[in-house]
Amino acid sequence: MRVIFKISLFILLSFFAFSLKAQQADTTAADSTQNDSFFPADGLKKINKQAWEDLKKEWLPQDVLEKIKVSGTVQFMAFYRSMNQYYPDLATSPRNLSFIAYPSATSTGNSTGPPLMELEIEGRPMPGSVFKVGYSTRQFYTGQLGDTSRNAFIRELLKFEAVKYTDFGTFKLVAGGGANWLNISPMTLSNKNFRVDPFDKLPWDWYNNSNKKYLNYHKNPGIRTDERFLGAPVQGFSLDGTGLPGGFGFLVFYGRSNRSVLGTDINLNIPANLFVTRVDKSIRQHKVGLNYYSHLSNTDNVHGREDRRMIVSTDLRLRLSRFRIFTELGGGKIINPSKNSSWDPAVDFRMEVDKSITKIPVYLQYYQIGLNVVSQESAVMQSNTLTPSGGYQRSWTTDNNLDLNVLQETGMLANNRRGGSLKMEEKFGPFKVEIGTSASQELQNVNNIITVQHRAFSFTRSRFRPFTNNSGPYQRVSNRNRRSYERIAVTDTVVNYKKGFNTLDLTVKYLVKFLNHDLIFANNNFYGSVSDGFSPIPGFDDKPFIRTFYEEFSMFYLLTKKVVLLGSVSTERVMGNTRTVLSPENNKPMDQTSMGYGVGIDYDFGDRAGLYIRHRWIRQTDKNFMLDKFRGQETQIELKVFF
Amino acid sequence: MRQKRILIFLAMSCMMLFDRAYAQILFFDGLGRAVVTNDKLNGELIKDDTVSANKTTSGYTLLDFGINVKPSENFKVRAEFRARNNFGQFFGAGTSVNIRQFKIDGLIKDRVYYSLGDIDVEMTPYTVFNNDELYHKFESEVFAIRRRIAEYENFNNGNMWRLQGLKSNTILNINSALRLNMHGFFTRTRLSNNAGIPDRFLTGGSINFVRGVNPFFQAGINYVGFFDNAPASDQVQYINHVLTGNYSIGIFREKFSVELKGESGFSSYDYNNRKKDTAVSYNDYFIDTRLIGSLKSIGLKISAGYINVGPQFSSPSAQTQRIYPFTAPDVFPLVMNSTVTRSQTLFDRFAMERMYNQSISPVLFQVLPQYSNVLPYGLATPNRKGITAGIYQAGSKKVYELEAEAFFLSDIVGEGTKQLRNYMLIRGGLALNIHTLANIKRNIILSGGIKNENTKRDGFADVNFSSMLIDAGLSIETIKDLDILAGIKLLNAKGNEYVMVRDEYNYAVSFIDYNADINQKVISGGLRYRFTEKSFATVNYNKVFMDDNLSPGNNFDMNQLFLNYTVRF
């Protein structure tokens, strides 16, 4: 032990000497003059030393940042699509190989999707001050030397945080963006929580253990999404205070969202900003809050006509032993050249009841949201054509955040609607069952276009003509990020009713052991209808304008700790009645059938690395709208590494 | 067990020290900033305008991340990457990542320092000097925040020019009393287009002899060459030399000091335009000498001197202005139905990032008399002679600082007439740390400055032009680290002047009969919170008034809300 002690001491002293030597290097020149007998005058020594210090000011600056945190992802993605039949406005060639999620035939640069590599750097120059940047790179592999598709950009992460701890509370400023995700309340600033097809491989999927991912899916209602995406993407300044006296807290945000200004209006610097504030108070485990949302804009930067949306709401979260209640109550108003509305009321009441009361956990929701309660950044699906995203001056026909009279997923909110939903989940033996139903009715019939979401292979469909409204052979398909919708017009000339919307959702999951490995089956059914009046349950005959049925059967076989085999079969039917737009070919309504089959494999070849392959066969036909057909296959390969 | 604990402690210490040593190889620095501005233009100027923008919102987030690698004691590489995202553009749109600076630094034999790449160069006010024509020494902090942003964006580090090339410094000790400071640089300011326009280089250096401390003596030689590397086939050949000598002799005692310092030199200009078959050459000289005395006990410094800068003294790297006079402002660049460029205001000139000039020009920019008419090109302004005087005092315990400077000058030769102009420039101000005076814990700082110019000429083309710029500012720390900032700038310019229009040889080709009666006002107020000594957030509101009493139809006012977070590291 004595020997080891001496050796350690020697090593310690060596490093100490090495460090000293490094620190002393920049003073060598100055010191040499001090030791030189030719310089006896103290003053000259001082000048010499100062002269050298000035000279070397740039050489080794003081107070530098030495430690940074580096992380990121490498995500190689390839998509090969081969279509035997396709929509005439397919954005790319029917046989297309791309290395980005959303290619365009017009330009390799005009696309979005996850980057090839994201290098995230976080630095803390001093206590309470943080900067975060994510350098993204991508390449489309054009095959040309000097490939100009290679570029570096900032996809999302570019922000600064400053925190101050005081006796009065903690104050945090977040500045910049990129895209900062901010969640205030469902009606003001939030995000829509869509169901994710578990067969799909999400680019932002942070799981690096596929087994865990599907086992979690079996336990939870859906694939766990990144918590950032519970909020809306914004840029600007947000200041929040927590732990204030009396249990108060606040948040103030000023900036923009990704829906504030669009297209060429950004280059015109059209004034359009968001101002959102919240004050809340915690009362033990409960919380009450007051929210104010205001979109302040002008229609242009010359005439300056006001374009404004406001929402004021109060929310309450009660966490009782057997109940959880969330309610938001408020109102909204719009002011623009077409409308100076009065305040429309809005209420959203949700209650979760513990199974000790109702035998099985129950989730209830009631909501009523007026047409003029509009936030493009909220969890509420929008139907107001007078307030398209990007501002009043833009056309609602091209707004891909507008969901006119949408048949939304169970539990989702929509404006110009009054309704509710009921969800329950329970385990029956080896089966885990989640069932939900919703019923709602519009408050005013302002528009007779119905929007239906296509659930079957939605990501694949959304890539046909990305981020475009009015696409497809009949110009009624609207493609969003990983989602596709279709707008179907009701052709009634006498409109003296208010449309009703109904959904039924059933998910059954089953976990079993097969050859000693977990095998998960998941079946999801969705049925929805839109009728000419309120109904507590969906209509199953041809009275509803639109009926849609979706069936998805998936299988996940956890073959080894590192390998998961996947399979999926999905089918979708969308049917209109004779009061909807009829086919120009045979004067009959929509009768669409979609089929998809998929196989896949997830291979976690490293602790933080995986290879994911999906292959789909897809097909759609319509008995009456003859041109609405496509058939093909798509293969998706993703190699993802976290570091 | 006890020994085991010691071992663990030693091992951890080793690791920490090793980490410290290794960290010297790689370190980081930089700056981050987020800005949002809301602007509105009002007034007579836009009354019948149905096309030009009068409301805008803009901004950005940027991070300049400097990576410094020092693989050995004598070698360092710095690369600064800028990541920028325009306000309102998301998910990759409107973003850019590029290299803002790349530099290699080295030490040869621990004696000779060199720097290669994007370098900053400064010499004397007559050789290489990025002159700051805005007098802002006593402005409010609320304006200084904006100006510093503009200076940072344009690489205005003090009075240095950001250039691309090589520079080197060394200090040689001759004997016990004498040392030699040597500095040299070589840069390229223009790339050849390989089709008749040659490379242009700026090169120079200085040698300064320094002797002793008391009495102190320094003498030096400075040279700057600005020239084209033009073969005979190229269209133009431009060469400009400046050679100066500087000196300083002083007696420095414990209670007082007296110093005589100055610089004198000459320039040689040669421009051969082969395309036009024209060749122009001229030479001239300058003298600048001052006597400076100081009383250390009361922190007082006074100076008096004489300057004489010949009418054809040519030193582009000292005479190029920092702000190009005809650049359209960043905000509301076009007016009158988008047919006319809006004239620059005082606010534009210190707050707008893209109005600054980053390159050295062989042709003198046109003067804007309302902003600077006496020394528009700094001390190296040609065709000036006269006396200068100054006083400076810093109170004990840093209670106050005051400064006043005066220039009484005249033309050396008439411009367009035989008559000579007489110039007067008086500028100065006071900064008062009230908190120190009143022994208050929180900072309270009051500042005020003034710049008064007067130009007169009798005779056929008489001139009578005056301008006054007043600055006032207040900074009050309310609660810890939260400052209220307020400031005002007033500019009044009235009279007439004949503004020279120069050709490519810097000859006068015409004169613009400039008449003005303008009042400009910038009022600003806001808050600043200092999170740390190197990071702060500020929100301020600026109100800008531009009144043209000769053309009231051009009057306008502008409102701007400005939000900013800045962190340096």
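In this model, the centres of domain 1 of chain A and domain 2 of chain A, taken over C-alpha atoms, are separated by 28 Å. The structure is a predicted model, in which local features need pLDDT of at least 70, side-chain atom pairs count only at pLDDT 80 or more, and totals for chains, interfaces and linings use all residues. Residues are numbered from 1 along each chain as its sequence is written, while chains are lettered from A and ligands numbered from 1 in the order in which they are written.

Let me begin with the domains of chain A. Domain 1 covers 72-111 + 199-216 + 403-643, and domain 2 covers 167-191 + 231-389; such bounds come from an automatic or database domain assignment. Across the boundary, 25 residues of domain 1 of chain A are in contact with 23 residues of domain 2 of chain A, contact being defined as C-beta atoms, placed from the backbone, that lie within 7 Å. On the domain 1 side, the elements that give two or more residues are β18 (413-414) and β19 (417-428) of chain A. The largest share of that side, ten residues, comes from β19(A). Helices (H or I, at least four residues) and strands (E, at least two) are DSSP runs, numbered from the N terminus. By class, the domain 1 side has nine nonpolar, ten polar and six charged residues. Here Ala, Val, Leu, Ile, Met, Phe, Trp, Tyr, Cys and Pro count as nonpolar, Asp, Glu, Lys and Arg as charged, and the others, Gly among them, as polar.

I turn now to strand pairing in chain A, where two strands pair if DSSP finds at least two bridges between them. Strand β7 (residues 232-242) of chain A runs antiparallel to strand β8 (residues 248-257) of chain A, and eight bridges join them. One bridge links A:Gly236 to A:Gly255 in β8(A). The hairpin of β7(A) and β8(A) has five residues between the strands, and within this hairpin A:Gly243 takes a positive phi near 65 degrees. On to the next strand: β8(A) also pairs in the antiparallel sense with strand β9 (residues 272-283) of chain A, over eight bridges. There, A:Gly255 has A:Leu274 of β9(A) as its bridge partner.

Elsewhere in chain A, an open sheet of four strands has the order β17-β21-β23-β22, with mixed pairing. Its edge strands, each pairing on one side only, are β17 (406-407) and β22 (477-480) of chain A. Four bridges connect β22(A) with strand β23 (residues 483-489) of chain A in the antiparallel sense, and A:Val477 has A:Glu486 of β23(A) as its bridge partner.

Chain B has five helices and 24 strands. Its radius of gyration, taken over C-alpha atoms, is 26 Å, close to the 25 Å that the globule rule gives for 569 residues, so chain B is as compact as a globular protein of that length; the rule is 2.2 Å times the number of residues to the power 0.38. Along the principal axes, the C-alpha atoms of chain B fill a box of roughly 100 × 60 × 60 Å.

Finally, confidence. The model scores ipTM 0.89 and pTM 0.88. Chain B averages a pLDDT of 91, and 95% of the residues score at least 70; pLDDT is the predictor's confidence in each residue, from 0 to 100. Over residues 1-23 of chain B, pLDDT stays under 50. Where pLDDT is low, the predicted coordinates should not be read in detail.

Technical notes. Contact = placed C-beta atoms within 7 Å.
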